[in-house]
Amino acid sequence: MTYSFDKIIDRRGSGDLKHGVLQERYGRDDLLPLWVADMDFETPPFITEAIRKRLNHSLFGYTVVPEELWTTIIQWVHDRHQWDLRREWLTYIPGIVKGIGMAINVFSKEGDKVIIQPPVYHPFRLTPQGNGRKVVYNPLKRLPDGNYDMDFAQLEQAVDERCKILILSNPHNPAGICWQKETLQQLAHFCYEHNILVLSDEIHCDMALFGHRHTPFATVSNEAAQCSITFGAPSKTFNIAGIVSSYAIVPNDSLRRRFYTWLEVNELNDPPLFSPIATIAAYQQGESWRKEMLHYVEENILFVENYCKEHLPKIRPLRPEASFLVWLDCRELGLSHSQLLDLFINRAHLALNDGVMFGPGGEGFMRMNVGTPRSILLKALQQLEVACTKRLVYEMPQECDCTVRQKPLPLQADNLHKKHQDYGKHRPQLN
């Protein structure tokens, strides 16, 4: 491999969100953070170098958007997803959640309804609610093998004339689903027939794993193209979330004119100086890095699966088809929500996203970010194993209000983990 993903980057003191809000959000700051969806891998050197080159010209005034930005995005999307974009379909947006909020304000009014498919990325719920819209749940169906599918029968029952927008997570976060073309076609037909606008968040689209492929929603049918706005970005793939580099794609002329005019008159469609620079470098030079990163993430996922199978059998990871987030099924532990938080936070000293925040269907789950060096992942799993083992020895409290922190149990592994000393040295082979 050309790049190393085992390098430990100490992010503390850099103002990173992952460490900076632990006390505020988890009640303590001595946690190993595997929660927020950015990776612990160093930003690719070709992006850093492109930014450094521009910094050598130390005047940072108003700049024009290089046309190369759009041709580069068009080429990248064509090569990865066989989607032939037109230049006029594209515009910059200052973040995907912000883009969703903007579209909600442009295409609906207070009191209108927005459909989401939980368990799903929590801003899909918070953003409509904060803008005075009512959220309608179309929960995903849990399949016998542990995976998910869309529930169209429930969707038909839940929708009325006040439903104006559906927010689609494609690939799905937190379950990591690469939706099948047939599923997306059925959703597109339903939304087109009911005059519902689909906002498709495709920020994880370039991170399909284990031979899976991402299908852009707007490509599955003409109905999909005519009733949708797609949001994308290089930020997840190349670990540059702090450099806001998102874009929107709108094939429908009427939707595009209405949305892009609103963005333009509010001056929300002009990228800051370094966004085009980072995006062009990522998409023109990043394919080798992307492939190596995804291979490392795949091995991390298999590592988690193997570790849980051998040492944490009551925690079952759902193998993601895309991205670096693993949906952990912890229901066999038999814990209440507060007990599960206590186990991970106070006893294992880990910061993950709890499933409840993703809405109905998330109860008993935790979302783990495995976009991290394997040594950190091993440490996290060992801490969790110790915490689960201690729970068998010490009585777990019936309920725990995690705003009131108990003194944590010691995390020394004693002799329990001597057998793991060589465990992390051998990467599991891909199937």
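## Phe303 in helix 13

Phe303 is buried, with a relative accessible area of 1%. Buried means under 20% relative accessible area, exposed over 50%, and partly exposed in between, using a 1.4 Å probe and protein chains only. Phe303 sits in helix 13 (residues 287-311). Helices here are DSSP runs of H or I with at least four residues, strands are runs of E with at least two, and both are numbered from the N terminus. Along the sequence, Phe303 and Leu381 are 78 residues apart. In space, their C-alpha atoms are 10.0 Å apart.

This is a predicted model: local features need pLDDT of at least 70, side-chain atom pairs count only at pLDDT 80 or more, and totals for chains, interfaces and linings use all residues. Residues are numbered from 1 along each chain as its sequence is written, and side-chain values use heavy atoms, with hydrogens and water left out.

## Helix 4

Helix 4 covers residues 67-81. The expected span is 1.5 Å times one less than the number of residues.

Which residues of helix 4 are buried? They are Leu69, Trp70, Thr72, Ile73, Trp76, Val77, Arg80 and His81. Seen down the axis, these buried residues fall within an arc of 160°, so they line one face of helix 4. The arc is taken from the directions that run from the helix axis to the C-beta atoms. The buried residues pack against strand 2 (90-93), helix 10, strand 10, helix 12 and helix 13. Gln82 follows helix 4 and has a positive phi, near 55°.

## Helix 4 meets helix 12

Helix 12 covers residues 274-285. It packs with helix 4 at an angle of about 35°, and the two axes are 9 Å apart. Axes are lines fitted to C-alpha atoms, for helices over the stretch in contact, and angles run from 0 to 180 degrees between N-to-C directions. Contact means heavy atoms within 4.5 Å.

From helix 4, the contact uses Glu68, Leu69, Thr72, Ile73 and Trp76. From helix 12, it uses Pro276, Thr279, Ile280, Ala282, Tyr283 and Gln284. Seven of the contact residues are nonpolar, three are polar and one is charged. Ala, Val, Leu, Ile, Met, Phe, Trp, Tyr, Cys and Pro count as nonpolar, Asp, Glu, Lys and Arg as charged, and the others, Gly among them, as polar.

Ala281 lies in helix 12. It is buried, with a relative accessible area of 3%. Leaving aside neighbours within four places in sequence, Ala281 is in contact with Phe46, Ile47, Ala50 and Gly286. Ala281 and His337 are 56 residues apart in sequence and 43 Å apart in space, C-alpha to C-alpha.

Asn239 is placed in the loop between helix 10 (235-238) and strand 10 (246-249). Is Asn239 buried or exposed? Asn239 is buried, with a relative accessible area of 10%. Neighbours within four places aside, its contacts are Asp38, Met39, Asp40, Phe41, Thr43 and Pro234.

## Helix 8

Helix 8 (residues 181-193) has 13 residues. It reaches 18 Å from its first C-alpha to its last, close to the 18 Å expected. Thr183, Leu184, Leu187, Ala188, Phe190 and Cys191 are buried. They cover an arc of only 165° around the axis, which puts them on the same side of helix 8. On the other side, Glu182 and Glu193 are exposed.

What covers the buried residues of helix 8? The cover includes strand 6 (148-149), helix 7 (152-158), strand 7 (163-169), strand 8 (197-201) and helix 9 (222-226). Just after helix 8, Asn195 takes a positive phi of about 55°.
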